[in-house]
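Please read the structure shown here alongside the account that follows it.

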Amino acid sequence: MYEESPRHRSKPLECIVDVVMSTATLPPKPRIAIIGGGPSGLVLLLTLLKRGIPATLYEREADSHSRAQLGGMLDLEWDSGQRALRENGLEAEFIKHSRAGDAEETRVCGKDGVLVFHLKPERTISVDDSANLRDARPEIDRRILRELLLNAIPADSVKWGYSLVSVRPLGGGQHELTFANGHTTISDILVGADGAHSRIRPLLSSATPLYHGVTGPEISIPPDVAALPENSDINDAIGLGSMYASEGKKLFFTQRNGDGRIRAYVWHCAPLEWSLPSDPKAAKQVLLDMYKDWAPFVRKFIQICDENAIYTRPLLYLPVGHRWEHKPGVTIIGDAAHLMSPFAGAGANLAMVDGLELGLTLADAISQGLDADAREAAVAKWEETMSARAEKFADMAARNLEASTGPDAPHSMANAWRRAIELAAQSRAED
């Protein structure tokens, strides 16, 4: 019988020792805390977990059903919002729940309802022809997107009912987090995905949200009311996607949700202190007086809107080009980093690609066993990439809002749409 020499027997033992020593020298995985359960925070959490990096998300809302009735449609682009889903294995689910073609219809008109611009893409998308997604901006309800992401994340990774009260820097990139429910925890990496009024942003920047000078309520018509035959005039006027009526520093912007609800944003130029009466009937009358000489379908929409769903939505933004000096152990993404008006159609897309790219950056650094300094350098480099990308869209959002509420609206708004289409076509040709 063959007998192994000592040299042959030593190889497996050496391999085992090498593995043990290699594992022992890897630094412990950092404690990652994500504040905020919007699109950016959820995508970041999913990206990390999918790559074996543990993290915990803290959300102040009581559960996943809180404020489920709020939020309109989000149109996701191939290289940002769609990419965040695609690289986390959710492309098929997105296609299943999104709408393209008719949902991308865009109408622009003046207060008389006469169209000055009409875009009606003629395409449909299915799982079998997903290549068409590159040139489309399929729309998905914000609520459905949130459910899609949450369904892909282990339930114990999201802590509901955790409203952040304070953050205390401990040095070395660590932070002590205290929540309203009495819970405290320590993070090695803290990510603020907590929106416009972020509690994490002050750790990095003195910037606070600024007011665009435009405010007004979100109102809506429930699905059953929108479907009534007597309301066909509203349906005919707004189409199947989005409609922008603008004139005289006033805007009436509608979106059709996937469940049939129609939302409208009744924005106008006014001081930040502007508000509606708390009584819904009195609130409606204020709006009717403001829009007294507008098209009949606009006034009818106000008259029949849901009296239990009237919410004031002032338009806020962070300075265009907002940046900060990197600090160890903390960063911000989404609206916390680059809040802008919705007039570039970029907020959700930027938030989701922020979450994806930060997640990939952290996962790569941690998986390689990089030390804290190298990891922080990678995050700092990514922060500049994020800020530069957001700056272009923030500038576009500001210009488009001005075109929508300026003296030449609605024609200036129609021209902004035409320029956007031309730029998109040029970008596709270059690709």
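The paragraphs below lead through a predicted model.

The average pLDDT of the protein is 90, and 88% of the residues score at least 70.

The largest nonpolar core comprises 56 residues, of which Ile-34 and Leu-85 touch the most other members. Helix 11, spanning residues 347–367, contributes the largest share of this core, with 7 residues. When neighbours within four places in sequence are set aside, the contacts of Ile-34 include Leu-44, Leu-45, Leu-48 and Leu-57, and Val-191 and Ala-193 are also among them. Another core, of 28 residues, lies apart from the largest one; its members include Ile-234, Trp-274, Leu-276 and Ala-283.

A pair of aromatic rings is described by how far apart the centres are and by the angle of the planes. The count for this model comes to 13 aromatic pairs. One of these is formed by Phe-117 and Trp-417, whose rings are stacked at 6.3 Å centre to centre, with 20 degrees between the planes. Phe-117 belongs to strand 5 (residues 115–119) and Trp-417 to helix 13 (residues 411–430), so this pair ties together parts that are 300 residues apart in sequence. Phe-117 has a relative accessible area of 9% and is therefore buried, whereas Trp-417, at 25%, is partly exposed. Both residues belong to one aromatic cluster, which also contains Tyr-244, Phe-253, Tyr-265, Trp-267 and Phe-343.

Charged groups also lie over aromatic rings. Arg-86 places its charged end over the ring of Trp-78, 3.7 Å from the ring's centre. Lys-250 lies over the face of Tyr-291, and here the distance from the ring centre is 5.5 Å.

Is Trp-382 buried or exposed? Its relative accessibility is 5%, and because buried means under 20%, Trp-382 counts as buried. Beyond four places in sequence, Trp-382 touches Thr-331, Ile-333, Asp-354, Glu-357, Leu-358 and Thr-361. With Glu-357 there is a polar contact between the two side chains, at 3.3 Å. Asp-354 is 28 residues from Trp-382 in sequence, and the C-alpha atoms of these two residues are 9.3 Å apart in space.

Terms used:
Residues are numbered from 1 along each chain as its sequence is written. This is a predicted model: local features need pLDDT of at least 70, side-chain atom pairs count only at pLDDT 80 or more; totals for chains, interfaces and linings use all residues. Side-chain values use heavy atoms; hydrogens and water are left out. Buried means under 20% relative accessible area, exposed over 50%, partly exposed in between (1.4 Å probe, protein chains only). Contact means heavy atoms within 4.5 Å. A polar contact is a pair of N or O atoms within 3.5 Å; within protein, one must be able to donate a hydrogen and the other to accept it, and residues adjacent in sequence count only if both atoms are side-chain atoms. Rings of Phe, Tyr and Trp (its six-membered ring) pair if their centres lie within 6.5 Å; planes under 30 degrees apart count as stacked, over 60 as edge-to-face and the rest as tilted. Helices (H or I, at least four residues) and strands (E, at least two) are DSSP runs, numbered from the N terminus. A charge sits over a ring if NZ of Lys or CZ of Arg is within 6 Å of the ring centre and within 35 degrees of the ring normal. pLDDT is the predictor's confidence in each residue, from 0 to 100. A nonpolar core is a set of buried Ala, Val, Leu, Ile, Met, Phe, Trp, Tyr and Cys residues joined through side-chain atoms within 4.5 Å.
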